Amino acid sequence: MYAKLFIVCALAVVALAREYPAGVHPAICPNYPYCDVNTLARFTPDGQPIPEWVYNPSILPVAPADPNAAAAREYPAGMNPASCPNYPYCW
């Protein structure tokens with residue numbers, strides 16, 4: 001009886017020996033102890049790739065400027081915009 005229990009426990013230990021620690025996904029690092037650090041840095045703990053713009057924000061898409069949009073009016077220093085709403089045509 002004890003021999004059978006020992007064999008079952010030994011099989012359970014062998015079956016569970018291939019566990020990965022938190023933050024390491026089996027699809028990213030299949031041979032766990034020998035993982036590339038750069039590869040681990042490019043993926044989330046769930047195995048999802050991290051977008052490149054997180055590391056390089058200069059590649060974010062930028063919307064083009066609208067040519068039909070009115071430019072904001074600039075008033076000279078010391079002039080109250082309420083006194084001349086149609087600057088430079090103040091009469």
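The disulfides of the protein chain follow the pattern 1-2, 3-4, with bonded cysteines counted along the chain. The structure, a predicted model, holds 2 disulfides. A disulfide is defined as a pair of cysteine sulfur atoms within 2.5 Å. The model is read with local features needing pLDDT of at least 70 and side-chain atom pairs counting only at pLDDT 80 or more, while totals for chains, interfaces and linings use all residues. Residues are numbered from 1 along each chain as its sequence is written, and side-chain values use heavy atoms, with hydrogens and water left out.

Cys29 is buried, with a relative accessible area of 3%. Cys35 counts as partly exposed, at 22% relative accessibility. Here, buried means under 20% relative accessible area, exposed means over 50%, and partly exposed lies in between (1.4 Å probe, protein chains only).

Cys84 and Cys90 form another disulfide, their sulfur atoms 1.3 Å apart. The torsion about the S-S bond of Cys84 and Cys90 is about -90°, so this disulfide is left-handed. Cys84 is buried at 5% relative accessibility. Cys90 is partly exposed at 33%.

Residues 20-36 are 0% helix and 0% strand, and the end C-alpha atoms of the span lie 15 Å apart. Residues 75-90 are likewise 0% helix and 0% strand. The end C-alpha atoms of residues 75-90 lie 12 Å apart. Helices (H or I, at least four residues) and strands (E, at least two) are DSSP runs, numbered from the N terminus.

A search of the whole structure finds 1 aromatic pair. Tyr75 and Tyr87 form this pair, which is tilted, with 5.7 Å centre to centre and 50° between the planes. The pair links distant parts of the chain, with Tyr75 and Tyr87 each in the segment after α2 and 12 residues apart. Rings of Phe, Tyr and Trp (its six-membered ring) pair if their centres lie within 6.5 Å; planes under 30 degrees apart count as stacked, over 60 as edge-to-face and the rest as tilted. Tyr75 is partly exposed, with a relative accessible area of 27%. Tyr87 is partly exposed too, at 32%.

Ala63 is placed in the segment after α2 (37-41). Ala63 is exposed, with a relative accessible area of 65%. The C-alpha atoms of Ala63 and Thr39 are separated by 31 Å, and the two residues are 24 residues apart along the chain.

Phe6, Ile7 and Leu11 make a nonpolar surface patch of about 350 Å². Patches are made of residues with over 30% relative accessible area and no salt bridge; like charges are joined within 9 Å, and nonpolar side chains (Val, Leu, Ile, Met, Phe, Trp, Tyr) within 5 Å. A salt bridge is a side-chain nitrogen of Lys or Arg within 4 Å of a carboxyl oxygen of Asp or Glu. Accessible areas come from the Shrake-Rupley method with a 1.4 Å probe; for residues, only the protein chains shown count as cover. Ile7 is found in helix α1 (residues 2-15). Ile7 is partly exposed, with a relative accessible area of 48%.
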